[in-house]
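Hi,

Here is the structure I promised to pass on. Have a look at it first, and then read on for my notes.

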Amino acid sequence: MVKNNFLRKIQRNRKSLDISLRRLKIYSNEIYITYIPQITDKKRVSNDIIRPILQYGKDKLLTIDIIMESVIYVDDVNKDYNEDKIIDYILQGKSIIIMTYEDKYIVCDTTRVEKRQIQAPILEDTIRNPRDCFTENMDSNLSLIRYRIKDENLKIDDFTVGKRTKTKVAVVYIKDVANDKYVSDIKNRIKRIKTDGILDSGNIQRFIVNNSMMLFPEVGIIERSDKACTTLLDGKVCIIVEGSNIVLSAPKVFSEFLDSSDDYNDSIYWAIFSKFIRIVSLLMSLELSALYVAIIAFHPDALPVEFIIALASSRETVPFNALTEAFLMELVAEVLREASMRLPKQIGTAIGIVGTIVIGQAAVSAGLVSPLMVIIVSLSTMCSFVAGDYTIMNSIRILKFFMIFITGVLGLFGFVIGITFIAINLISTSSFGVPYLAPIAPLNFKDFRNYFLSDRTLAKERPKFLKTKDNTRQ
Amino acid sequence: MFRVFVCKNISKIYKLLLIFILCFQLCGCWDYRDIDKRSILISVGVDRIENLIQFSGEIAGETGAEGKKNKEVKRVSVYPFVSYGENFEIARLDLINKVPKPEFLGAVKVVVFSKKYAEEGIESYLNRINGEYDYRKTLLAVISKDSPKKLFYINTNKEQSMASLIENNINYQTSHGKALYTTVGEMLSDISMKDIGYLMPYIGLENDSITYLGLGVMKDSKLIDIIHVKDTDGILYLLSKNVKITEEIPSIYKDENLYSLRTTVKKRKITTNYVNGKPVINIDLVIYARLRYQYYIKPIDDKEIKRMEDELSGRIKKYVEDIIYVSQKKYKCDIFEFAKYFKGEYPEIYRKIDWKEEYTKAIINVNVKTTITNLNLYDHNTKVKY
């Protein structure tokens, strides 16, 4: 006597979902094993489920409980009664064992996920750091973290986000270090997400930030597992999204975007020097073109006399005014960068050559732009690659155009207005309640010193602005 | 999303717009003009021809196409200009009519006054420079023996401007302690003191080359005398920031042997006093001298060193006393800015007295101490000390 509707439910969706249904007849028992072949490990289904059932004595009593406890070899199994969830299980790549006269079924985890090997970093390449990076597989990502932090307090809270994609999201933190307020805030924001699909960690990022219209990123991205562990040890929270090789970290302050893992491995002097270089580069990327416009158009007398004359002579054939020239050249540089990112690697180098020759050499020879403008654009573009976390530079790239425009209209006065607006924006931003310009505003000298020196032997405490439960490192 | 953002922040957006509009309306730099769209003046000459003011100078010209064709390194050519007028304004108007683009004065390196114009007085033109916002106040001002127009019309054949030649010349002489680099700003400061005069470099054409000839003495901003370059040592010991003067002292043992010494001022201390109704100016100079070489290499003993130091001290003292005496008796003008020291120390007395008058009666005490710091020993292992 059929006691359930499980089979009927499956039969209804069988064609559309391409579900496989394997029927076994043992003595008088009818056993059905059902799964989607594309996302299920068929070898495991055959060896760990079908074979043991068939080999089980034909004269012995066979129930769902006996099958689960004494017959099949699958390690991750559970029972369920809810017929509405059966399709969800199958869609997750699980195999379902149904007996017609039983009101429950067995869910076996035989999921097969096509995953790539752990590879070297692309976004966060360093010299002296481990090279194992996160992949799209969540289990691999969690294993990389667990492999480094063998602490019982390392907590992983799972969520499922996306009405249709049902993407797994893990919030990882060290329970006795991370501030509960930030952890619960992040968890609540994830819980509140109502969308049909999350396909990448970037999608989550948009939902959990304070204001998605903010120019500066409030969440950091991490590609390398060791960096994620460092972040967790600092008392931050990592968000791992299934299907994304980029892990999010929060809270994140402005200064950390210019940090690099290499700083902690080399000497203090080198760390200070590299940080200084990165800060100067960021400023140059933002301001160089704008200053060029201000000097050429409004305040040439700010330069030594020899420079004024050299500048004037280098621009004598340029048909555009300084504002248009700077705007166009920066735009061309952005186009080149965008093109080189989208093109396959083999063609990407060609873009570099075209960019250098056409935009640089030819434009100057044709008298369309001044040589100094080419130098400035090249320098400003190069400077925009130095940040440890590239996402901050996207904001700087946009602000660069704002600075060029406002300086082109108002001169150095406009330049100062622009910088003031940016400073106000930075100061009034916060990342999950942490002031964005910490440890500079509000100033905490110890954190500021630790940031610049990048020496773990000196940093005996965790950053104050993270308000961690356990502040002591050493 | 954008609509929600706008609705939530409407008051903020209005405030921002208001700030921007105010910026644009009230304080926008509406003088936008690229540097290549301006006539860059790099030198200005002022002269008087009969009753007219003559402005001359050089404008940085545009490089021709030839240079580009030959892929040569770009060099900036210059071309001269001349304009005339009854006063500065009319002369300027004449200049505006002649230059192809709006003029830019921020790159002017040097102002050349003709000797004739300097004798009439340069204060009015210095005030003009002070009033024009785009003139640099650090630009060099010189007096020329020859007409500025003549200087600027010389073809240097080196694609180098006369302004650069003059500036480089004075700069080089000053850095080697042979001249004084006087800027318009310093002159304006001296003029504002009213009681003091100042010195200006005096240049001219000698054998078709720009030559530093000495210092012009300015009293009430009028040229009253020229001090020849070979008579300026005393002035340099008193005023130069980087004095390096070479002195030759004969040996006591052998007349034809000469010691060549280079002197520098290690410490210069000027203090003032007011005793018996007379200002007293005490000048203490600590001079370091370096023995560069002897004409004939001979051992030097302590006695010889002492004698050289005393002779140098005496010689320098004389230079300084002589030039101060000339300034007191002949020029009747404080060209060494002693008034600044006196005013600093005795402001009340300074206010009561007429410094111009009192300076001529001032008692000057010059004290020079010379030390020979380097004997230029070649053999460091010698058993004899010197």
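Where in chain A does Pro442(A) lie? Pro442(A) sits in the loop between E12 and H15 of chain A. Before going further, a reminder that this is a predicted model.

Ser454(A) isn't a glycine, yet its phi is positive, at about 50°. As background, most residues other than glycine have a negative phi, and most peptide bonds are trans.

Now for helix H9 (residues 268-297) of chain A. With 30 residues at 1.5 Å a residue, H9(A) should span 44 Å, and its end C-alpha atoms are 42 Å apart, so the two agree. H9(A) does have a bend, of about 45°, at Glu287(A).

H9(A) packs against two helices that I looked at. Let's take helix H11 (residues 322-342) of chain A to begin with: its axis and that of H9(A) come within 9 Å and cross at roughly 160°. An angle over 145° counts as roughly antiparallel, so that is what H9(A) is to H11(A). The crossing of this pair, H9(A) and H11(A), is right-handed. From H9(A), the residues involved are Ser289(A), Tyr292(A), Val293(A), Ile296(A) and Ala297(A), and they meet Ala322(A), Leu323(A), Ala326(A) and Glu330(A) in H11(A). Sorted by class, the contact of H9(A) with H11(A) has 7 nonpolar, 1 polar and 1 charged residues.

Then there is helix H13 (residues 371-383) of chain A, which packs with H9(A) at an angle of about 155°, the axes being 8 Å apart. H9(A) is therefore roughly antiparallel to H13(A) as well. The crossing of H9(A) and H13(A) is left-handed. On the H9(A) side, the contact uses Ser281(A), Met284(A), Ser285(A), Leu288(A), Ser289(A) and Tyr292(A). H13(A) brings Met373(A), Ile376(A), Val377(A), Leu379(A), Ser380(A) and Cys383(A). By class, the contact of H9(A) with H13(A) comes to 8 nonpolar, 4 polar and no charged residues.

Cheers

Conventions
Residues are numbered from 1 along each chain as its sequence is written. Chains are lettered from A and ligands numbered from 1 in the order in which they are written. This is a predicted model: local features need pLDDT of at least 70, side-chain atom pairs count only at pLDDT 80 or more; totals for chains, interfaces and linings use all residues. Axes are lines fitted to C-alpha atoms, for helices over the stretch in contact, and angles run from 0 to 180 degrees between N-to-C directions. Helices (H or I, at least four residues) and strands (E, at least two) are DSSP runs, numbered from the N terminus. Angles under 35 degrees count as roughly parallel, over 145 as roughly antiparallel, 65 to 115 as roughly perpendicular and the rest as oblique. A crossing is left-handed if the near helix is turned anticlockwise from the far one by less than a right angle, and right-handed if clockwise. Two residues are in contact if their C-beta atoms, placed from the backbone, lie within 7 Å. Ala, Val, Leu, Ile, Met, Phe, Trp, Tyr, Cys and Pro count as nonpolar, Asp, Glu, Lys and Arg as charged, and the others, Gly among them, as polar. The expected span of a helix is 1.5 Å times one less than its number of residues. The bend at a residue is the angle between axes fitted to the seven residues ending there and the seven starting there.
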